[in-house]
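Me: I am new to this structure and would like to learn how to read its salt bridges and pockets. Could you take me through them step by step?

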Amino acid sequence: MKRVFIVANVGKPRVGRALEQWRPWIGQRARIVGTETDGEHDLASIDADLILVLGGDGTLLSVARRLQGRQIPVMGVNFGRLGFLAGFTPENFQAYFDQYLHRGLPISPRQMLEASVIPPGITVPLSDAQQVKAARRFGATALNDAVVTAGPPFRMIELAISAGIDSGISYMGDGVVVSTASGSTAYNVSAGGPIISPDVEAFCITPLCPHSLSFRPVVVSAQSTVLIFAVRVNEGTTLFCDGQASTRLNASDKVVLSRSDQNVLLVEDPDFRQWRSLAEKLNWGIGPRYSQTEAGPQEE
């Protein structure tokens with residue numbers, strides 16, 4: 001019998017009621033080894049075969065970060081608005097949960113970002129992950145993105161950005177988004193970045209309101225190390241990882257972003273179709289709505 005740990009965001013409407021209704025039903029089919037409703041459990045130490053997430057993409061992002069590399073499949077049921085990561089719905093969950101237990105479902109390994117902040121005056125080889133971790137003052141992982149935002153008093157900041165062995169390009173603006181392929185449909189696409197298929201091994205670097213007509217988003221290999229050097233920042237300039245873990249940035253701080261050693265294993269809805277999902281959730285590819293009277297009256 002599979003061991004299931006349930007993470008429920010009871011702050012969302014309908015989640016508490018669904019948890020109450022589904023717990024006995026799940027318990028008849030699997031062994032429930034724990035239930036979390038406060039978002040504070042040490043998920044890296046749980047003994048489970050599956051983590052069931054009742055909430056939305058934000059709840060699933062928190063679970064992915066708190067797993068700290070544990071390779072436990074995560075099945076997300078979306079009670080939020082979009083649900084790109086939490087791919088199941090309250091309506092189809094029970095049928096697919098039974099299918100997962102008996103015949104299995106597709107599991108998609110999703111790459112994560114490893115974010116490190118190196119303080120001024122410390123020099124380490126950026127390609128050596130262990131030395132970077134030893135020297136950093138802040139570290140976190142992100143399934144969607146790492147974002148540097150200008151913050152109060154909301155003046156433009158200056159960043160120097162490089163990827164791989166390329167020299168840094170300095171620019172002025174409101175910050176930058178570095179997203180994974182999974183996160184390309186989040187803040188990245190809102191900032192004008194491209195949509196990347198989740199199975200593409202890539203990062204996207206998208207500037208936020210660059211003071212330039214030619215600084216466009218750039219897609220780089222996931223094997224690249226992205227370096228963001230804080231040339232000039234505000235008092236409130238901050239690095240956010242998945243909008244949750246964060247740290248303030250000071251002038252001359254170095255933000256080092258690389259692929260994490262571990263993936264997150266997402267249980268996929270077998271009926272998921274990426275392009276259809278984009279059309280349904282983001283109105284991607286929707287044509288113009290022509291007026292029926294635009295062509296004028298028709299002759300008999």
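Reply: Let us begin with one pair, keeping in mind that this is a predicted model. The side chains of E114 and R136 meet in a salt bridge, with N and O 2.9 Å apart. The pair joins distant parts of the chain, since E114 belongs to strand 6 (residues 113-118) while R136 sits in the loop between helix 4 (129-135) and strand 7 (138-142), 22 residues apart.

Me: Is E114 buried or exposed, and why does R136 count as partly exposed?

Reply: Buried means under 20% relative accessible area, and partly exposed lies between that and 50%. E114 is therefore buried, because its relative accessible area is 11%, whereas R136 is partly exposed because its value is 24%.

Me: Which residue forms a salt bridge with E36?

Reply: The partner of E36 is R66, and their closest N and O atoms are 2.8 Å apart. This pair also links distant parts of the chain, with E36 in strand 2 (residues 31-36) and R66 in helix 2, 30 residues apart. Both E36 and R66 are buried.

Me: How many salt bridges does the structure hold?

Reply: The structure holds eight, and R3, D47 and D49 are linked in a network of them.

Me: Which helix gives the most to the lining of the second largest pocket?

Reply: Helix 2 (residues 57-66) does, with four residues. The lining has 19 residues, and G56, D57, G58, L82 and G83 lie nearest the centre of the pocket. By class, the lining comprises five nonpolar, eleven polar and three charged residues, and the space in this pocket is about 320 Å³.

Note on methods
Residues are numbered from 1 along each chain as its sequence is written. This is a predicted model: local features need pLDDT of at least 70, side-chain atom pairs count only at pLDDT 80 or more; totals for chains, interfaces and linings use all residues. Side-chain values use heavy atoms; hydrogens and water are left out. On a 1 Å grid over the protein atoms alone, a cavity is a set of points where a 1.4 Å probe fits but cannot get out, and a pocket is an open set with protein on both sides within 12 Å along at least five of seven lines; lining residues have an atom within 4 Å of a point. Grid points are joined across faces, edges and corners, and a volume is the space filled by probe spheres set on the points. Helices (H or I, at least four residues) and strands (E, at least two) are DSSP runs, numbered from the N terminus. Ala, Val, Leu, Ile, Met, Phe, Trp, Tyr, Cys and Pro count as nonpolar, Asp, Glu, Lys and Arg as charged, and the others, Gly among them, as polar. A salt bridge is a side-chain nitrogen of Lys or Arg within 4 Å of a carboxyl oxygen of Asp or Glu. Buried means under 20% relative accessible area, exposed over 50%, partly exposed in between (1.4 Å probe, protein chains only).
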